[in-house]
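Notebook open, structure loaded. I'll jot down what I look up as I go, charged pairs before the rest.

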Amino acid sequence: MRIAVFVENRNGVGLASEIMRAEGADAHSFHLLVADRDAINAGRLEQEAAARCEGLVARNLFPVDEGLDNAEFLEELGHRIRAFAEEERIDRLLFFDDQSQRGRRVAGTLGRTLPLILVQDCHLDFRYKETGTGRRDQSWYYGSSSPAAICVWGPSTAHHLLFRSADADPTVHITGALGHSDDPALLRAARTTVHRPARKPDEPLRMAVLAQPLTRHSRLSRQDHREQLAELRAALVEFGVVDTDPDPSTLDGYDLAVTFYSTAHLQTLRADTPLILFSPPPLNIVFPTINHPLLRNVGTLGELVDVVADLRRSAEFAANDHGEPLEHFIAFQDDVAGRVLRVVEEAAVPVEPPAPRWSPQDDGGGAGLSRAERALRSVRGRVARPRSLAVLGLGFDYVTGVAIPVLTYTQALLAQSPVDVRYFDLGAYGCHEDVLRDLADAEVVLINSLAPFWRSPLAGELVPALRERGKSVVVYAHETEYVMNFEGSRNAPRHQEMVGLLPGLKVLCVSNAQADMFRGLGVSDPVVVYNTVPRDAHRARARRTPGARPRVVMVGSMQDRKGLDLFSRVAELAYGQGLPWRFAWIGQKTWRIGSTTLLSDRVEWMGALSRERVREELAASDVFFLSSVDDPMPLSVVEAVQQRLRTVTYHRVGSREVLDGVSGYRSFPEYTPEAALDALRRVLDDEVSETEYGDVEELFDVPAFTARMTTALGLPGPGDPVRPPAGDGVPETDGRAGADPVEPRFPTVPVPSRKGTYLIEDFTRHLTAGRHDDALRVGEEILCRRQSVDVLVGMAEIRAGRGEAEEACRLLSAAAIAGGDRARVWTEIGRIADLLGARGRSVRQLARRESVRLRIGNQAARLLKRN
């Protein structure tokens with residue numbers, strides 16, 4: 001197969017070289033095409049091709065410095081690339097941008113005669129602060145040229161392309177990102193949960209400003225770009241040294257990086273460098289909010305300064321509290337180049353659909369359908385399905401099992417459904433009204449686990465308020481009887497409040513035993529959806545026959561509920577009986593370990609490991625021994641099944657429901673070391689049933705779990721109609737007839753709550769610098785915590801200066817009763833009342849009288865004290 005690759009920059013040359021090195025690529029011949037009249041640019045591309053693509057010369061379709069204007073150049077590009085494809089008998093053409101001037105010309109020229117494969121080469125998941133009827137940023141239209149296939153980084157881009165408009169029907173493949181998705185260093189960085197700075201508090205910062213060319217594609221005018229960059233640098237120099245556009249390889253030497261928007265986060269994550277994604281007010285485009293300890297979105301210079309000041313003062317980076325996981329935007333998997341190459345090999349020229357024809361029998365339901373089928377379609381068309389899902393919880397990461405199923409689910413959901421999905425951390429809020437405001441446009445609210453009801457005082461207030469506003473509230477429970485009893489004893493009032501709310505909620509369960517427990521608590525119809533785990537790249541199978549020294553492994557946090565004592569005593573018992581078994585435990589140590597719990601020296605306590613390492617350790621073992629006394633449906637057992645590892649659990653653990661009777665699995669009915677040891681002996685003699693293990697694996701596989709969750713939540717699946725958005729019925733569209741609204745329904749840049757230690761200092765800084773909007777923002781944060789006279793007076797002065805007399809008077813009233821130096825306070829009130837004109841006359845007179853009275857009283861008190 002003869003494959004042409006059209007490149008416009010050095011990054012494209014690098015991506016082409018990776019595809020050319022994919023397994024199976026040697027069966028094809030590749031042609032690297034360039035269209036550039038500039039000698040410098042063309043030379044750079046040729047040098048890059050010589051360095052990256054062995055034996056392949058970049059062919060420029062134009063002599064450098066050819067005398068053509070831009071219109072003539074584009075017209076000639078179409079003629080020359082068609083001629084090249086015919087002369088060289090090209091079978092396929094890859095390109096990386098169909099919305100650049102060159103890319104549009106290539107797509108328009110060859111799109112109906114040659115299979116064109118579009119490969120994503122940069123981040124595209126941008127959003128907008130405001131939308132109108134005009135043309136959007138060109139990234140929004142990516143893939144709209146109807147190529148034969150589109151290879152994208154992750155589910156979010158696929159979601160945008162598939163549901164951008166009502167008539168969009170592209171062939172989209174989630175292959176992952178070339179050079180990123182298969183990078184173990186980036187995967188580890190993506191799933192980290194902490195940031196450990198190398199510097200100490202109050203030390204000057206070393207900062208990098210990554211200044212992208214925002215004037216390109218009219219994202220920001222040249223003048224606005226210069227002004228924003230100058231203001232940014234001027235604000236940062238107060239906190240340390242600022243470098244502009246350093247070499248990406250040196251980013252790990254910086255304490256902080258700042259960028260307007262870009263894929264720079266992939267480099268800063270690898271370098272373990274915090275990154276602030278700054279969307280200044282003149283810039284309409286907004287980078288998506290990603291929940292990661294090294295990423296923070298801000299919308300004003302004042303917010304940015306607050307984050308930088310916090311980092312310098314405390315050496316702690318104030319990352320996004322809310323946001324989506326990075327895996328929504330980039331799918332991590334091996335062999336991305338091979339996946340792209342397979343798409344190239346299978347692509348075909350899209351068949352242009354025939355013009356629609358109306359038939360009296362069609363009745364809007366589709367020609368060729370029977371009356372019964374048309375009637376069913378009509379009913380389905382009237383079913384109003386929601387199109388927005390908010391997931392509410394207490395942290396979302398890949399370290400604890402409670403978040404993994406829902407994170408994995410929403411990635412799959414985005415790739416096949418028009419539902420907009422956002423995550424919100426309840427721990428970041430101070431009052432339930434703030435949560436309600438952020439969830440105003442959410443139609444379905446999924447509370448992940450029961451923990452928010454025990455850990456946060458807001459959940460009990462929030463659920464009734466959400467239901468009053470017509471939201472569908474669903475709880476996905478991961479807890480069973482042991483945890484319920486434990487939390488009920490520690491948090492009795494909140495626990496009872498939760499128990500009172502449960503009968504009015506839809507509850508999703510991970511096992512039938514858990515569903516029975518909720519029925520006993522008054523839940524009328526709990527739904528068993530089970531759970532799932534990500535499709536990890538490395539899932540080596542365990543050996544079929546145990547070795548001479550069988551290895552027994554457990555994966556889970558070190559706590560009594562997970563059976564630390566039992567696991568240790570089984571290891572001691574096996575050693576006492578002379579069995580040559582090895583025992584290992586993988587998982588971080590917790591505080592939930594009793595004083596009498598045995599931690600045996602016969603066990604290798606391995607601590608927390610990465611998911612990749614856990615997979616390797618499972619493959620190197622012979623038995624997975626889940627020692628938990630209570631576990632609803634442990635994900636570690638699902639992973640053991642995926643790797644065909646013999647498994648032993650306690651009789652009351654949820655895994656028994658799906659594994660009972662399967663060859664290679666054993667359970668012990670009595671929670672004793674002797675019973676567990678006997679089950680281990682027996683399972684080592686069993687043969688793992690590939691058929692039965694495969695059947696269990698399919699039950700927990702991502703597609704099956706996604707279908708169950710989507711049905712249980714009442715969300716639209718592939719092809720299901722969706723409810724029109726709430727509002728005036730005239731949504732913003734892309735200008736085409738029948739187009740669906742495309743903008744996000746949730747806040748684009750959520751501003752999380754901050755620590756109160758330095759808020760007064762931040763308020764004063766903004767007020768002095770004239771950043772009044774930021775001063776008011778910080779002032780509101782302060783007033784939520786306590787009544788500060790100086791803040792009240794400062795905010796009143798800003799409001800008065802803006803002519804907002806009523807709000808200024810309200811703040812002055814609060815200052816008058818807040819305490820402090822009363823004479824000084826009334827003097828300040830009088831000064832600000834002067835700014836209110838006639839409205840402030842009575843306030844000014846009162847302030848003067850009170851000020852004089854307090855000064856005379858204070859002077860008299862001093863004289864009496866002196867005598």
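Entry 1: I began with R765 and D762, which both sit in helix α26, three residues apart, or about one turn of the helix. Their side chains meet in a salt bridge, 2.8 Å being another pair's value and 2.9 Å, N to O, this one's. This is a predicted model, so I am reading computed geometry throughout. What about burial, buried or exposed, for R765? R765 counts as buried because its relative accessible area is 13%, under the 20% cut-off. D762 is buried too, with a relative accessible area of 0%.

**Entry 2: where D762 reaches.** Next I followed D762 out of its own helix. Its side chain also meets that of R313 in a salt bridge, at 3.1 Å from N to O. D762 lies in helix α26 and R313 in helix α9, so this pair ties together parts that are 449 residues apart in sequence. I checked burial for both partners: D762 and R313 are buried.

**Entry 3: the rest of α26.** I listed the buried residues of α26, which spans residues 759-769: L759, D762, F763, R765 and H766. They cover an arc of only 165° around the axis, which puts them on the same side of α26. Both partners from my opening entry, R765 and D762, are in that list. After the helix comes G770, and its phi is positive, near 80°.

Entry 4: I then looked up R191 and E327, whose side chains meet in a salt bridge at 2.8 Å, N to O. Where do they sit? R191 is in the loop between α6 (184-190) and β9, while E327 is in the loop between α9 (301-314) and α10 (336-346). The two are 136 residues apart, and the pair links distant parts of the chain. R191 and E327 are both buried. For the tally, I have 51 salt bridges in the structure.

**Entry 5: strand β11.** Strand β9 (residues 205-210) pairs with β11 in the parallel sense, over four bridges. L210 stands opposite T259 of β11. On the other pairing, β11 and strand β12 (residues 275-278) are parallel as well, over three bridges. There, V258 has I276 as its bridge partner.

How does the chain get from β11 to β12? By way of helix α8 (residues 264-270): β11, α8 and β12 make a right-handed β-α-β unit.

I also checked the faces of β11, residues 256-259. In a regular strand the side chains alternate between the two faces of the sheet. Here L256 and V258 are on one side, A257 and T259 on the other, and all are buried, which leaves both faces covered.

**Entry 6: whole-chain numbers.** I count 31 helices and 26 strands. Of the 867 residues, 53% are buried. The exposed surface comes to about 38600 Å², with carbon and sulfur atoms supplying 48% of it. Among contacts between residues at least 6 apart in sequence, 72% join residues at least 24 apart.

Note on methods. Residues are numbered from 1 along each chain as its sequence is written. This is a predicted model: local features need pLDDT of at least 70, side-chain atom pairs count only at pLDDT 80 or more; totals for chains, interfaces and linings use all residues. Side-chain values use heavy atoms; hydrogens and water are left out. Buried means under 20% relative accessible area, exposed over 50%, partly exposed in between (1.4 Å probe, protein chains only). The arc is that of the directions from the helix axis to the C-beta atoms. Contact means heavy atoms within 4.5 Å. Accessible areas come from the Shrake-Rupley method with a 1.4 Å probe; for residues, only the protein chains shown count as cover. Two strands pair if DSSP finds at least two bridges between them. A crossover is right-handed if, with the strands pointing away from the viewer, the path from the first strand over the helix to the second runs clockwise. A salt bridge is a side-chain nitrogen of Lys or Arg within 4 Å of a carboxyl oxygen of Asp or Glu.
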